[in-house]
Amino acid sequence: MKKGEKRKKELLKIAYDMFLTQGYENTTVDEIIEKAQIAKGTYYYYFESKEQMLEEVIDMMIDSEIEAAREIIETDIPVPQKIVGIIASVKPTEAEQPIKNALFQPENVLMHHKVRKKLIHVVTPLLSEVINEGVREGIFECDNIAERVKMLLVISDGTFNEGAFTERDISVFIDMTEKLLGAESGTMGFIYDLIDKSDMEAAE
């Protein structure tokens, strides 16, 4: 790794830690500069703005999540569990919520759209690989797999990441997933026990 690349990664790690502990909105460029012990010109050599730094911090998070997804693919767990594991692995952890919340600020709406688009782009080949495995094993019966994966990601994100949901929402999501992949009824039923019900309870 070149010296400049290493330095940039160090700055991103500092920003990541500060965004977690202080929140993105409460962290200033001057504080990052002070923590990193660099000149302001050095900061702006690597980043045009704090918004660009946030985007690159999120890219760093996505790279880490994708590595976790690849590890799931290599495990011996059943294909349906791999699918859910991959989708779960490409979401921010509880500790990373302050960074995720920054994307929902009105001024970051374009960045939010860009991040979602990138996630779908990088996750689709991984999930497609697993679903193809399921087709070969006779668990699923479907074609146009990449397009089905994109639809599954959009439905999952819209149902569980952007507001409260109901128990019926969970049931319909499971049913839609099974139909989308051409699976027998009950194949994806285990999803119900894996979903955090706190938002669901608030909605009912």
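Student: Leaving aside its neighbours within four places in sequence, which residues is Asn108 in contact with?

Tutor: This is a predicted model, in which local features need pLDDT of at least 70 and side-chain atom pairs count only at pLDDT 80 or more, while totals for chains, interfaces and linings use all residues. Residues are numbered from 1 along each chain as its sequence is written, and side-chain values use heavy atoms, with hydrogens and water left out.

Apart from neighbours within four places in sequence, Asn108 is in contact (heavy atoms within 4.5 Å) with Tyr24, Glu51, Leu54, Ala102 and Leu103. Asn108 sits in the loop between helix H6 (97-103) and H7, where helices are DSSP runs of H or I with at least four residues, numbered from the N terminus. Because its relative accessibility is 2%, Asn108 counts as buried, a word used under 20% relative accessible area, with exposed over 50% and partly exposed in between, for a 1.4 Å probe and protein chains only.

Although 60 residues separate Ile139 from Val79 in sequence, their C-alpha atoms are 8.2 Å apart in space. Beyond neighbours within four places in sequence, Ile139 touches Val79, Pro80, Gly134, Gly182, Ala183 and Thr187.

Turning to how helices pack, helix H4 (residues 50-73) and helix H5 (residues 79-89) have axes 8 Å apart, at an angle of about 170 degrees, where axes are lines fitted to C-alpha atoms over the stretch in contact and angles run from 0 to 180 degrees between N-to-C directions. That angle makes H4 roughly antiparallel to H5, the description for angles over 145 degrees, whereas under 35 is roughly parallel, 65 to 115 roughly perpendicular and the rest oblique. From H4 the contact uses Glu65, Ala68, Ala69, Ile72 and Ile73, and from H5 it uses Lys82, Gly85, Ile86 and Ser89. These residues divide into 5 nonpolar, 2 polar and 2 charged, with Ala, Val, Leu, Ile, Met, Phe, Trp, Tyr, Cys and Pro as nonpolar, Asp, Glu, Lys and Arg as charged, and the others, including Gly, as polar.

Helix H8 (residues 145-160) and helix H9 (residues 167-181) cross at roughly 175 degrees, their axes coming within 11 Å, and are therefore roughly antiparallel to each other. Residues of H8 including Met151, Leu152 and Ile155 meet residues of H9 including Ile170, Phe173 and Met176, and this contact has 8 nonpolar, 3 polar and 3 charged residues.

Definitions and conventions. Helix = DSSP H or I, 4+ residues; strand = E, 2+ residues; numbered from the N terminus.
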